[in-house]
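Biologist: I would like to go through the cavities of this model with you. Please show me the structure.

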Amino acid sequence: MPIETFEFQVEARQLLQLMIHSIYSNKDVFLRELISNSSDALDKLRLAALRDDTLDADVSELRIEIATDQDARTLTVRDNGIGMSYEEVSQLIGTIANSGTAAFLKELREAQDTAGAEGLIGQFGVGFYASFMVADEVTLVTRHAGETQGTRWSSRGAGTYTLETLDDAPQGTSVTLHLKPADPENQLHDYTSAWKIKEIVKRYSDFITWPIRTAAPAPPAAEEGDEAGAPEPETLNSMKALWARSRDEVSDDEYHELYKHISHDWTDPLETIRLQAEGTFEYQALLFIPARAPQDLFHRGHQRGVQLYVKRVFIMDDCEALLPPYLRFVKGVVDAQDLSLNVSREILQQDRQIQLMHRRLAKKVLSSVKEMMAGAPERYATFWREFGAVLKEGLLTDSDNRDAILAVSSFASTHDENEPTTLERYVERMKDGQNDIYYMTGDTRQSIENSPHMEAFQAKGIEVLLLTDPVDEVWVDAVAQYQGKPLRSVAKGEIDLGDSEEETADADREKRNEEYAGLLGWMSEQLGDDVKEVRLSSRLTVSAACVVSDAHDITPALENMYRAMGQEVPSTKRILELNPYHPLVKGLNEGFTERADRTGLAETAELLHGLAVLAEGGQPKEPARFVKLMADRLERTL
């Protein structure tokens, strides 16, 4: 085929310009990205060869090679791994298919600090483009294992790239960078320098399990009769699996580089977790909790799972069976000694040993978070800010670890505007005679604090948990109690917070109910299509009315959530509560008692219900009618 020229996607072109104009201060990381890609390609080839005996591929000496040419100012990283087909090159290199690219570019422009900017690229899988930080032109030659034709891709990063097929390409992939002139002032080093290459490999890629080799520097011109042979290739990395080495042999920097290699994140992890299981079933695990959540954490297509090895042999990149979905942010490596190399995803889901590892790893992560909570509160605060919402999914799905998840959970509360609380500390602060842990769900802290449902609790100084994550609407119904204390919504059921004069409380309540009995019965009939009951409230101190759900009904927010997911749920009638001490309610009761014609009162009752619905963030059933009634009433006051 002739050489064909294509244009980059708009997003890819914008990204290339950002790379060319060097948004990163540490340009050395381009080599880490290329080595990481080569390592992945070698892993994939070995796995493919294990699973397919007929694969026509050379797996005798898998390696990564780095070659430099000081005269031509080129740097080449090559591997003899799985390689790519023409279609794969066009799809993976010529375009950026990741839907998060636009978000990446937006965040990149908004990032104020260099560290923040450098942390973004890995989240979007665009590490190959980092080559343009140090190169004027990049050429890629590749051939997929088992195929006969290769592909050459080339670009100067100016908006176009070329593709052509080759008949004699070796198996694997080589990336040749035509380097920019060295500019130490701008952290652009001489990447043809042997010592610089060694330094970068040692710092970022020493743990790579494949040999990374480079030719030793050529000796001086040999004198006549000197039969010195060609220089031997030099292996630059130790190839020691960090998870197999004892903790005192490995530095934090080495762990951090392994995390970056696995996750393609450019920031250090928040926490490193080691686990070694011995006995009838042996395995080693090295897990990492990232310092921030990826953009697609809540997207359906989010890639989760940790890398699975069997006796140091890479098996799969994203083994979902080893950790529950609510820990999908955890990255790392698990190396098992007793699994088959030909294990499949289907077998993993049924394997008893995998299930035991799943339970042990989940408990280990949760215990590590608890230790972080006690010993490093600032790091725990970062963890909860980034991953609290996803961790709470486990309260629904993992009943075995529910208590452990509750123990490491924090919640905003009325006790402190800035400092979240644990359930344990909430229980310690409970007032004498208080039996329930009170909470309220809503969109924001402000909307909850301004809700009529909160008035009596604020007046009596009773602490309420303020739950604003969407998952909070669901898990609170699954968790009945904590340490014997029931969890109770302030917007559900009847609330009795007690009176200061206990001996008169029951008598006063009975008297009020008798006084308003006629109005309550009449309003229940008038609003019967919208409410199941109208009753007096013990939770209101300022507002005239509020709507509440019955103790076991689902909330309107949860109804809307189910409908948004395509699930039909029957509409549930709410309860309208009236504040008997509010002038509007008092006037309504007097009007009901004194007037025979109650047409105007019916409209007032409808308005009162609509206002209560609005106060909790809802919408009247007929907004146009509600607005008309309100406008008519306002007109009469002028």
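Biologist: How do the residues of the lining of the second largest cavity divide into nonpolar, polar and charged?

Modeller: They divide into three nonpolar, one polar and five charged. Ala, Val, Leu, Ile, Met, Phe, Trp, Tyr, Cys and Pro count as nonpolar, Asp, Glu, Lys and Arg as charged, and the others, Gly among them, as polar. Lys 202, Arg 203, Asp 206, Glu 254 and Glu 257 are in this lining, so they count as charged. The model is predicted: local features need pLDDT of at least 70, side-chain atom pairs need 80 or more, and totals for chains, interfaces and linings use all residues. Residues are numbered from 1 along each chain, and side-chain values use heavy atoms, without hydrogens and water.

Biologist: What makes a space a cavity?

Modeller: On a 1 Å grid over the protein atoms alone, a cavity is a set of points where a 1.4 Å probe fits but cannot get out. Lining residues have an atom within 4 Å of a point. The structure holds two cavities of 30 Å³ or more.

Biologist: What volume does the largest cavity have?

Modeller: About 90 Å³. A volume is the space filled by probe spheres set on the points, which are joined across faces, edges and corners.

Biologist: Which element gives the most to the lining of the largest cavity?

Modeller: H7, with three residues. Helices are DSSP runs (H or I, at least four residues), numbered from the N terminus.

Biologist: And which gives the most to the lining of the second largest cavity?

Modeller: H6, also with three residues.

Methods. On a 1 Å grid over the protein atoms alone, a cavity is a set of points where a 1.4 Å probe fits but cannot get out, and a pocket is an open set with protein on both sides within 12 Å along at least five of seven lines; lining residues have an atom within 4 Å of a point. Helices (H or I, at least four residues) and strands (E, at least two) are DSSP runs, numbered from the N terminus.
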